[in-house]
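Student: Please take one part of this predicted model and go through it closely. I would like the pockets, and the residues around them, in one connected account.

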Amino acid sequence: MESKLIIIRGNSGSGKTTTAKSLQNHLGHGTLLVCQDVVRRDMLKVHDRDGNPSIDLIRQIAEYGKDKCEFVIVEGILYKNRYGEMLNNLIEFYNQKVYTYYFNLTFEETVKRHNSRSKTMEFGEESLRRWWNPSDYLGVDGETLFTNKMTHYDVLELILNQIQK
């Protein structure tokens, strides 16, 4: 089996996790989903700082999925300056069978999307502004940018069309 790696990145509240979970549900059994928040906050309980152990664990889990799962989805804010080297190493590890996506939304659109979900009680606009890191592209070949105008279904359809070619 030749595994495909799907990397979904963007600012907090942009729709990454919702997209990744929908994609996993659509692709079905044997699709590995590696969520940065689950690894970093739930499994390891570490802060998102340079050199935190979640960087290596995300890589190890994603590498584990190669040749065992048809699709491996890595999802999170995954700031380029902190996670970029690890993500580029994964891209090489997957022999370029990789699809990279970035939610390139305005701050206003991100706040609007965040306010429509249950996590709105956990943190608000002030936290989103503190974490905001616009245009944090990986800069790899084929990186696809999602815009304000794209709905959840537009994004899902675009990904599915690209990965099932």
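Tutor: Thr110 sits in helix H5, residues 107-114. With a relative accessible area of 2%, Thr110 counts as buried, because the cut-off for that label is under 20%. Leaving aside residues up to four places away in sequence, Thr110 touches Ser12, Gly13, Ser14, Leu105 and Trp132.

H5 is among the elements that supply at least two lining residues each, along with helix H1 (16-27), helix H2 (36-43), S3 and helix H7 (152-163). H1 provides the largest share, five residues. Sorted by class, this lining holds 14 polar, 13 charged and eight nonpolar residues.

The second largest pocket has about 180 Å³ of space. Its lining includes Asn88, Ile91, Tyr99, Thr100 and Asp141. H4 and strand S4 (98-103) each give at least two residues to this lining, and S4 gives the most, with three. Here the classes are four nonpolar, five polar and one charged.

Leu78 is not a glycine, yet has a positive phi of about 45 degrees. Most residues other than glycine have a negative phi. Leu78 is buried, at a relative accessible area of 0%. Asp67, in the loop between helix H3 (54-65) and strand S3 (71-76), also has a positive phi, about 70 degrees, but Asp67 is partly exposed at 48%.

Methods. Residues are numbered from 1 along each chain as its sequence is written. This is a predicted model: local features need pLDDT of at least 70, side-chain atom pairs count only at pLDDT 80 or more; totals for chains, interfaces and linings use all residues. Side-chain values use heavy atoms; hydrogens and water are left out. Helices (H or I, at least four residues) and strands (E, at least two) are DSSP runs, numbered from the N terminus. Buried means under 20% relative accessible area, exposed over 50%, partly exposed in between (1.4 Å probe, protein chains only). Contact means heavy atoms within 4.5 Å. Ala, Val, Leu, Ile, Met, Phe, Trp, Tyr, Cys and Pro count as nonpolar, Asp, Glu, Lys and Arg as charged, and the others, Gly among them, as polar. On a 1 Å grid over the protein atoms alone, a cavity is a set of points where a 1.4 Å probe fits but cannot get out, and a pocket is an open set with protein on both sides within 12 Å along at least five of seven lines; lining residues have an atom within 4 Å of a point. Grid points are joined across faces, edges and corners, and a volume is the space filled by probe spheres set on the points.
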